[in-house]
Amino acid sequence: MRTKFIAGNWKMNTTKASAIELARAIAKDAAPGIDLGVAPPFVYLDAVGQSLASSRVLLGAQDAYHEKNGAFTGEISVEMLKDLNVKFCLTGHSERRHALGESGDLVGKKAAAIYAGGLILVHCVGEKLEQRDAGQTLPLVQAQLNELNRDQVSDPERLVIAYEPVWAIGTGRNATDAQAQEVHAFIRSALTKRWNNDFADRVRILYGGSMKPDNAKGLLAQKDVDGGLIGGASLKAESFLAIAQAGR
Ligand code: PGA
């Protein structure tokens, strides 16, 4: 049985004060029965981590660099994140792939470093609208899954896949329940082929892309949808917790 995981990706939003306030509000009302996490901007990780202390809400990061330390101006290592009590980290978010130009090769290196560092790796995959229209969704998702090193990743509890169709992110247009389930089932079968059935059964596959309190119930009821990666709706404790409630 996979425990559902609802993670908030705050992106480049909040101020220090509003981040603390949001974290406190989420921590205060986080009910058991579901795993919750928030990924604030790097600069607020420490403050948010302190606000979450002694709560069940996991602290996450939106990105990490794959090198351990050194002359990499502006970058943040996995060790630095662990120093601040970070428990999970995203890779391959479409905004990093498409707006910031990250290649699949770089995403793969980051994924390897995050996993090797002992964090929960949340690896994001998903197609653009033109790729969907051209029937390329599944091969594209397969290629993005192939960025993960099969021989390295051995603990299914520390691997989370987030399926985020690019056309659904921040657009208000979510994938239908059936569209999400189709790709999630494909991802699970791809994981079975690459690892094995038991491994694939234990990996949580989140849906992301305009998930809101009013569409969460249907999406989270799908057999292979094990949670959500929430952007816009994670910036208010009320809507984030309502989504978590829908997954319970
Ligand atoms: P959204 O973002 O919920 O605002 O669509 C999701 C994400 O990018 O993780």
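Predicted model: local features only at pLDDT ≥ 70, side-chain atom pairs only at ≥ 80, totals over all residues.
Biologist: Which residues have the most contacts inside the largest nonpolar core?

Modeller: A nonpolar core is a set of buried Ala, Val, Leu, Ile, Met, Phe, Trp, Tyr and Cys residues joined through side-chain atoms within 4.5 Å. Buried means under 20% relative accessible area, exposed over 50%, and partly exposed in between, with a 1.4 Å probe and protein chains only. In soluble globular proteins, nonpolar side chains tend to be buried together. The largest such core here has 65 residues, and those with the most contacts inside it are I6, I26, L36, V48, I161, I187 and Y207.

Biologist: Which residues does I187 touch, not counting residues up to four places away in sequence?

Modeller: I187 lies in helix α8; helices (H or I, at least four residues) and strands (E, at least two) are DSSP runs, numbered from the N terminus. I187 is buried, with a relative accessible area of 0%. Contact means heavy atoms within 4.5 Å. With residues up to four places away in sequence not counted, I187 touches V125, V141, L145, I161, Y163 and I205.

Biologist: With which residues is A190 in contact, leaving aside its neighbours within four places in sequence?

Modeller: A190 is also found in helix α8, and it is buried, with a relative accessible area of 6%. From A190 to N146 there are 44 residues in sequence and 9.5 Å in space, C-alpha to C-alpha. Leaving aside neighbours within four places in sequence, the contacts of A190 are Q142 and L145.

Biologist: At what angle do helices α1 and α11 pack?

Modeller: Axes are lines fitted to C-alpha atoms, for helices over the stretch in contact, and angles run from 0 to 180 degrees between N-to-C directions. Helix α1 spans residues 16-29 and helix α11 residues 237-246, and their axes are 9 Å apart. The angle between them is about 35 degrees.

Biologist: Which residues make the contact of α1 and α11, and how do they divide by type?

Modeller: The α1 side supplies L22, A25, I26 and D29, and the α11 side supplies A237, F240 and L241. Ala, Val, Leu, Ile, Met, Phe, Trp, Tyr, Cys and Pro count as nonpolar, Asp, Glu, Lys and Arg as charged, and the others, Gly among them, as polar. On that basis the residues of the contact are 6 nonpolar, no polar and 1 charged.

Biologist: Why is helix α2 described as largely enclosed by the rest of the structure?

Modeller: In α2 (residues 45-52), the buried residues are L45, A47, V48, G49, S51 and L52. They pack against α1, β2 (35-39), β3 (57-61) and α3 (78-83). Helix α2 is largely enclosed because the buried residues are 6 of the 8.

Biologist: Is L119 buried or exposed?

Modeller: L119 lies in the loop between α5 (104-116) and β5 (120-125). Not counting residues up to four places away in sequence, L119 touches V78, K82, V86, K87, C89, I114 and R158. With a relative accessible area of 3%, L119 is buried.

Biologist: Where is S210 found?

Modeller: S210 is not a glycine, yet it has a positive phi of about 55 degrees. At 10% relative accessibility, S210 counts as buried. Its place is the loop between β7 and α10.

Key. Residues numbered from 1 in each chain as written. Heavy atoms only, no water.
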